[in-house]
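Open the model in your viewer and keep the sequence panel beside it. We will go stop by stop.

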Amino acid sequence: MLEGYEMDIEFIGYVIKLGNYYFGGRTQNSISIRKKPQQAEIYSDNELDIVERVASDLGGTIRKIYVSDKE
């Protein structure tokens, strides 16, 4: 950490990354993808089993999402 510089970071949840895109949700016959992780479907900490199953089904990877207080 830099001297005199402090930043709070908060865990928000998990998203699924599919190549250069992010999983946006699933309907009965299709999935949606998003360019930015902020637009993706975000899973909470207690939904980790769900996000692992969906990522496995789609061949994606799980990414943790954080926010900071930096403007």
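## Stop 1: the ring cluster

Select F11, Y14 and Y66: ring pairs link them into a cluster. The model is predicted. There are 2 aromatic pairs in the structure.

Start with F11 and Y14. Their pair is edge-to-face, with 5.2 Å centre to centre and 70° between the planes. Then turn to F11 and Y66. Here the ring centres are 5.6 Å apart and the planes stand at 65°, so this pair is edge-to-face. It links distant parts of the chain, with F11 in strand β1 and Y66 in strand β4, 55 residues apart.

Which of them is buried? Y14 counts as buried, at 8% relative accessibility. F11 is partly exposed at 27%, and Y66 is partly exposed at 45%.

## Stop 2

Zoom out to the open sheet of 4 strands. The order is β3-β2-β1-β4, with antiparallel pairing. β3 (31-34) and β4 each have a single partner strand, so one side of each is left without a neighbour in the sheet. From one strand to the next, the twist averages 50°.

## Stop 3: the helix

Select α1. This helix lies across β1, β2 (21-26), β3 and β4, at about 25° to β1.

## Stop 4: confidence

Colour by pLDDT. The chain averages 89, and 87% of the residues score at least 70.

Notes: Residues are numbered from 1 along each chain as its sequence is written. This is a predicted model: local features need pLDDT of at least 70, side-chain atom pairs count only at pLDDT 80 or more; totals for chains, interfaces and linings use all residues. Side-chain values use heavy atoms; hydrogens and water are left out. pLDDT is the predictor's confidence in each residue, from 0 to 100. Two strands pair if DSSP finds at least two bridges between them. Helices (H or I, at least four residues) and strands (E, at least two) are DSSP runs, numbered from the N terminus. Axes are lines fitted to C-alpha atoms, for helices over the stretch in contact, and angles run from 0 to 180 degrees between N-to-C directions. Contact means heavy atoms within 4.5 Å. Rings of Phe, Tyr and Trp (its six-membered ring) pair if their centres lie within 6.5 Å; planes under 30 degrees apart count as stacked, over 60 as edge-to-face and the rest as tilted. Buried means under 20% relative accessible area, exposed over 50%, partly exposed in between (1.4 Å probe, protein chains only).
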